[in-house]
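The exercises below are to be worked with the sequence and the coordinates at hand. Each task is followed by a stepwise solution.

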Amino acid sequence: MTPVPERSQVPAATRALRVLRFLAAQPGPVPVERIARATGLPRSSTYHLLAAMVDEGFVVHLPDERRYGVGVAAFEVGSGYVRQEPLQRIARRPLAMLVDAVGQSAHLAVLHGRDVLYVIEERAPGRPPLVTDVGVRMPSHLTASGRAILAALPAAQVRALYPDRAAFTDRHGRGPDGPTALRRVLVETRTRGHAEESGEVTPGFASVAVAVRDHNDHPVAAIAVTWREADDPTPAEVASTVVAVRRTAEAVGARVSGR
């Protein structure tokens, strides 16, 4: 049998990863129609791809519910990531340098369903503790980190995560409370090139964040800086902080992509 050139396998691998990424972001198993719509694949191709992924254990099929979810093999891959902590290893030093540069606390977060999960926190000397400690999960639509990631995702994936008002969690009566309001926030985020949040996670604190993108321009994480609003930074100081956060996110993204 003639070996198949490796590059011919890339499109199929890319499609499989899109499906797996979409399934991992859902709160539960979903029907094939939603998978096809979110990934932009024909329904017939989606069925064939899911069948192969079921055979390999990366996807589980629930025939009674006519839905598909994440399989055990995907969990094993995720466990390997947790053991190796590659993103944390890559980002920790750049994040520490960012804190030294701006004099404020910073953190790195990843998307976990509708939440962001904080995986690194670097606290600036003399700054108060934040709720965004390592291992904490917060609603992504309320946080600067979450907004930076959501603004970089395909619109279909955001709609799947936030299909209606029931998907929106409230903390302090501020922030988007429905799909229309969230779309407006994400448009503003994309226009600015960074995300902002003020008092929506913790009253009296504000944050800015920029997405960390891989070689496919997919947001794998976000880097944010948080400060007390009572410190009353000038517009120039905030702009300087945004520039520093963006440079750090770009540097981490380059290392994630192997550039």
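**Exercise 1.** Find which helix gives the most to the lining of the second largest pocket.

Solution. Helix 9 gives the most, with 5 residues. Helices (H or I, at least four residues) and strands (E, at least two) are DSSP runs, numbered from the N terminus. The model is predicted: local features need pLDDT of at least 70, side-chain atom pairs count only at pLDDT 80 or more, and totals for chains, interfaces and linings use all residues. Residues are numbered from 1 along each chain as its sequence is written, and side-chain values use heavy atoms, with hydrogens and water left out.

Next, take the other contributors: helix 6, helix 8 (179–192) and strand 7, like helix 9, each supply at least two lining residues. The pocket has a volume of about 260 Å³. Of its 17 lining residues, A152, G193, V210, A211 and R213 are the closest to its centre. A pocket here is an open set of points on a 1 Å grid over the protein atoms alone, where a 1.4 Å probe fits, with protein on both sides within 12 Å along at least five of seven lines; lining residues have an atom within 4 Å of a point. The volume is the space filled by probe spheres set on the points, which are joined across faces, edges and corners.

**Exercise 2.** State the strand order of the sheet and identify its edges.

Solution. The order is 5-4-3-8-7-6 in an open, antiparallel sheet of 6 strands. Strand 5 and strand 6 (195–198) are at the edges; each has a single partner strand, so one side of each is left without a neighbour in the sheet. Pairing requires at least two DSSP bridges. From one strand to the next, the twist averages 30°. Strand 3 (residues 105–112) and strand 4 (residues 115–122) are joined antiparallel by 7 bridges, and H107 stands opposite E121 in strand 4.

**Exercise 3.** Is T143 buried or exposed, and which residues does T143 touch?

Solution. First locate T143: the loop between strand 5 (137–139) and helix 6 (144–151) holds this residue. The relative accessible area of T143 is 2%, so T143 is buried (under 20%; exposed is over 50%, partly exposed in between; 1.4 Å probe, protein chains only). Then list contacts, meaning heavy atoms within 4.5 Å: not counting residues up to four places away in sequence, T143 touches V116, Y118, M138, E197 and V201.

Key:
Axes are lines fitted to C-alpha atoms, for helices over the stretch in contact, and angles run from 0 to 180 degrees between N-to-C directions.
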